[in-house]
Amino acid sequence: MTVFSAPDFDGHEHVVFGHDAETGLRAIIAVHNTHLGPGVGGCRMWDYADDVAALRDALRLSQGMTYKSALAGLPFGGGKSVILGDARTEKTPELMRAMGRFVESLKGRYIAAEDVGMTVADMDEMAKVTTHVTGTSKTSGNPSPYTAYGVLRGIEAAVEHRFQRNDGIDGIQVAVQGLGSVGFDLARRLHERGAVLHVADINVEAVTRAADTFGATPVNTHEVHAADVDVFAPCALGAVINDQTVGELRARIVAGSANNQLAEDRHGSELMARGVLYAPDYVINAGGIIEIAHGPDFGGDHDDARIYAHLDRIHDTLSEIFQRADSEQAATNAVADRMAEERFRPAA
Ligand code: NAD
């Protein structure tokens, strides 16, 4: 296995491999860039097919966090850690403490947050041996409402730009894919502002609830991306914009909370070529990390007024991205990447 020539290596500052013989911990911490602050990002426990897949995840996800925090205007860099193993069968408090010691060894250059396969109790266990952890039971809240509000503001920015209207989203047709923690709250907020909802979820109960509560029209999960609406809001899976779906979209806007919505970067250009305005996922879904940044782990008081004011900036950042994309005739995801790089790469 190589690191420096790995396809996902992007000049990462640290890529550290940790092993603890007693607990069997095998983990990787990747810190992509700390120009704006410590690398903050999730700790993921996953049963990877092999070490290369784990390294790839750590490299890719830590890089993504640098871009996300930079455009969210946070004093954070990008980091991510992965524990190799099955979270359902291999996780023990001892393993979590071993991971905590591994995090501690980076002396604050990396701050771990909850991610796939981890719970608040796991973060508590890590916090027994390191202070460089966030999302413990002392500090954590539920980030989903903040994420949903950020997505709402992003949709508003996209509607203003695409349809040249500044009177809100009353009457705008939105197809929400995924009615989980974020998607359902987003649906509520959209409904409150007069949007007309079309919803899809593999969980039939959530769909029925949205239909009963918001008058939403249920849509087949296989067809929701092609719904005849103004906005398609992916709030479930990654890679929903791919070679197959991109030509089937009828919405003029794609804006939702899901991570990694584009199967590949080139699908951003495909969307542009087809006249679809894409709100880059890591910009519009930054509400969760914005909330964390205002919490006690980072010296904040979790003041809702301040958090919501910060979330409103997602609207402004996206408006700037849309304008630049128009004037440069470039894809919005490419413009977002460049704007982030302008912030986190020190001027030569
Ligand atoms: P969640 O697990 O609560 O909800 C996901 C929903 O999608 C579930 O209701 C699930 O049944 C549904 N779903 C799964 N497969 C589906 C399919 N094929 N078609 C339609 N629906 C399907 O997750 P969440 O916290 O609401 O997050 C949603 C997305 O937003 C994820 O991609 C997540 O990574 C991203 N995100 C979430 C946050 C946050 O604060 N929770 C922050 C940033 C990004």
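A polar contact is a pair of N or O atoms within 3.5 Å.

Figure 1. The model is predicted, so local features are given only at pLDDT of at least 70 and side-chain atom pairs only at pLDDT 80 or more, while totals for chains, interfaces and linings use all residues. Residues are numbered from 1 along each chain as its sequence is written, and side-chain values use heavy atoms, without hydrogens and water. A polar atom in the side chain of S257 is 2.9 Å from an oxygen atom of the ligand. The side chain of N259 also places an N or O atom 2.9 Å from an oxygen atom of the ligand. At S181 the backbone takes part: one of its polar atoms lies 3.0 Å from a ligand oxygen atom. On its own the ligand has 830 Å² of accessible area (Shrake-Rupley method, 1.4 Å probe), and the protein covers 71% of this.

**Figure 2. The shell of residues around the ligand.** Which of the 19 residues around the ligand come nearest? They are T147, V182, D201, S257 and N259. By residue type, the shell holds nine nonpolar, nine polar and one charged; here Asp, Glu, Lys and Arg count as charged, Ala, Val, Leu, Ile, Met, Phe, Trp, Tyr, Cys and Pro as nonpolar, and the others, Gly among them, as polar. Helices α4 (144–163) and α5 (181–192) each contribute at least two residues to the shell. Helices (H or I, at least four residues) and strands (E, at least two) are DSSP runs numbered from the N terminus.

Figure 3. Two strands pair if DSSP finds at least two bridges between them. This open sheet runs in the order β1-β2-β4-β3-β5, and its pairing is mixed. Its edge strands, β1 (14–20) and β5 (110–114), each pair on one side only.

**Figure 4. Strand β2 and its partners.** Seven bridges join β1 and β2 in the antiparallel sense, and H14 has V31 of β2 as its bridge partner. The two strands β1 and β2 form a hairpin with four residues between them. In the turn, G24 has a positive phi of about 80°. Strand β2 (residues 25–33) also pairs with β4 (residues 77–84), in the antiparallel sense and over six bridges. There N33 has G78 of β4 as its bridge partner.

**Figure 5. The parallel sheet of six strands.** The order of this open sheet is β8-β7-β6-β9-β10-β11, and the pairing is parallel. Q177 is placed opposite P234 in β9.

**Figure 6. The chain as a whole.** The secondary structure of the chain comes to 11 helices and 11 strands. Its C-alpha atoms fill a box of roughly 60 × 50 × 40 Å along the principal axes. A compact globule of 348 residues would have a radius of gyration near 20 Å, and the chain agrees with this because its own value is 20 Å. This radius is taken over C-alpha atoms, and the globule rule is 2.2 Å times the number of residues to the power 0.38.

Key. Near = heavy atom within 4 Å. Polar contact = N/O pair within 3.5 Å; in protein donor to acceptor, adjacent residues only side chain to side chain.
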